[in-house]
Amino acid sequence: MNGDAVVVTEVEKVFGRGSAEEVTALSGVDLTIAPGEFVTLIGPSGCGKSTFLRLIGDLLEPTAGSVEVFGKSAHQARMDQDYGMVFQHAGLFDWRKVVANIELPLELRGWSKADRAARSREMLDLVKLPDFGGHYPRQLSGGMQQRVAIARALSFEPRLLLMDEPFGALDEMTREHMQGELLRIWSETDTTVVFVTHSISESAFLSNRVVVLSPRPGRIHSIVEVDLGERNEDTREDPRFFEASTEVREALRAVEDGS
Amino acid sequence: MSAGRLRALVPPLATGAMFLGAWEGGVRLLGIREFLLPRPTSIWAQLTGQWPTLRHAGWETGRIAVSGLVVGIIAGVLLAVLTTRFRTVNEGLTPLAVAVNATPIVALAPIFNAWFGITGTLSNQAVVVAVVFFPVFINTAKGLAEVHPDEIELMRSYAAGEWTILREVRIPNALPFFANALRLVAPLSVIAAIVAEYFGGPQDRIGNVITSNAGFARYDAAWAAIAVASAVGLALFASALLLERVSMPWRLAGVEGESTTKL
């Protein structure tokens, strides 16, 4: 693959410009993400991490600076459907069965019925829900719904996956299980992942790099490199995992202290 | 399932039978005179005796109600879609619609007679349309607008345009809201048609059968016409419920049995 997955240069985002409620959500942000990397964005609330993710996805436009995704403008990348998106709220459509939810992006791209069916079967296997295609979303648990959302985001094989606190609404056990599943899927599909979280352990466990943001205005405070290699449930008790968590925690403390 | 359904029918049917029995017995025992409150058996006698007249009246009034219902629904839904799609229309129109919806529209029936003619059915239909339109418009517009922001962002991430978002997200999202409006306006359309008929229109309709019989102190016959009107209203309400079930299978899913499975 040639070039970087995401290049963010001198980005600033101001909401309500010129009004009394003007807020600078992000200022002077530079970040380059390599293809196949798993990067998490972490920081206290109001640090603009969700805004950052939406700028990469062209769901928001930067006030200044530029965002490039796979060497083109973020807008072009969105138009080319180069990325999949997963939210905290699974956002499955109640009126579509699980398979039809997974097939929605394929439908919008004009795939044939047979191709769609084949792909959604593959995706259900990937997220380990092979028997639930005919269910409606409301018949599934929160964790299962989130897996369907991931299957939907990956169904058209995007090279980039943008995730906004996708496991934030899940209980601790389900959450850890989902983290393992996500890493397995990531290693099987060589997708680039940008993942927003407010959980220190989640960021340390999942990523190659943890980008720590400071609030008002949102800036990159520091970047913590993590190398846990192949991860499994034992990794959670590995000293290197504790070290990485500690490093992220200290960076966040420094953010709170304003240093 | 069907056994459970049948069992669910027993309490209301028993209550209804007890109510009619108490009515019949009460009127006889207390010696209430027939012109004040006719006995159910007298009403039944009128119902069967005047069945051709009543059936015709019920059918014609039902047609007014249904035609007004269809026009009002189509207009309400179309305008809701337009206001959702084009924000400027929305900002001007919605507060006005909410205000108009709070006014008693049937009160306009005599005025509609002046506008649309007192002898034809058009003014009666117009009253039904006006009564049906506003709840349908307001509820549907709400359902089209109240979509989770994540769902809109998700569609935008697929490079979907506004029309696609309307088709794939807003319209299905609005269905339950529309169904609520339908439950409301289906019986309301019959009420509106009858009240409109009190003021004008052809003389062989439920509204006129009620007023003319009451005018000649034939209260048992007036009650028989009211019973027919209730049946028409119930039939429309039942159709609304049926339509709701058929159009939204996902709302029934998982209600019976325990198909929700843990991770």
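Visitor: What share of the contacts in chain B, between residues at least 6 apart in sequence, join residues at least 24 apart?
Guide: In this predicted model, that share is 75%.

Visitor: OK, and what's the secondary structure of chain B?
Guide: Chain B has 11 helices and 0 strands. Read from the N terminus, the order is α-α-α-α-α-α-α-α-α-α-α.

Visitor: How many of its residues count as buried?
Guide: For chain B, 35% of the 263 residues do.

Visitor: Switching topic: which residues touch the most other members in the largest nonpolar core?
Guide: That core has 82 residues, and the ones touching the most other members are A:Ile56, A:Val148, A:Leu162, A:Val194, A:Val212 and A:Val248. Helix H5 of chain A, residues 142-154, gives the largest share, 7 residues.

Visitor: Where does that core lie relative to the domains of chain A?
Guide: Between domain 1 (1-82 + 161-174 + 183-222) and domain 2 (92-157), because both of them give residues to the core.

Visitor: And what does A:Val194 touch?
Guide: Leaving out residues up to four places away in sequence, A:Val194 touches A:Val6, A:Ile33, A:Val39, A:Leu41, A:Leu53, A:Ile56 and A:Leu162.

Visitor: Which residues does the second core include?
Guide: This separate core of 55 residues includes B:Val131, B:Phe178, B:Ile194 and B:Ala196.

Note on methods:
Residues are numbered from 1 along each chain as its sequence is written. Chains are lettered from A and ligands numbered from 1 in the order in which they are written. This is a predicted model: local features need pLDDT of at least 70, side-chain atom pairs count only at pLDDT 80 or more; totals for chains, interfaces and linings use all residues. Helices (H or I, at least four residues) and strands (E, at least two) are DSSP runs, numbered from the N terminus. A residue is buried if 20 or more other C-beta atoms lie within 10 Å of its own, exposed if 12 or fewer, and partly exposed in between; C-beta atoms are placed from the backbone. Two residues are in contact if their C-beta atoms, placed from the backbone, lie within 7 Å. A nonpolar core is a set of buried Ala, Val, Leu, Ile, Met, Phe, Trp, Tyr and Cys residues joined through C-beta atoms within 7 Å. Domain bounds come from an automatic or database domain assignment.
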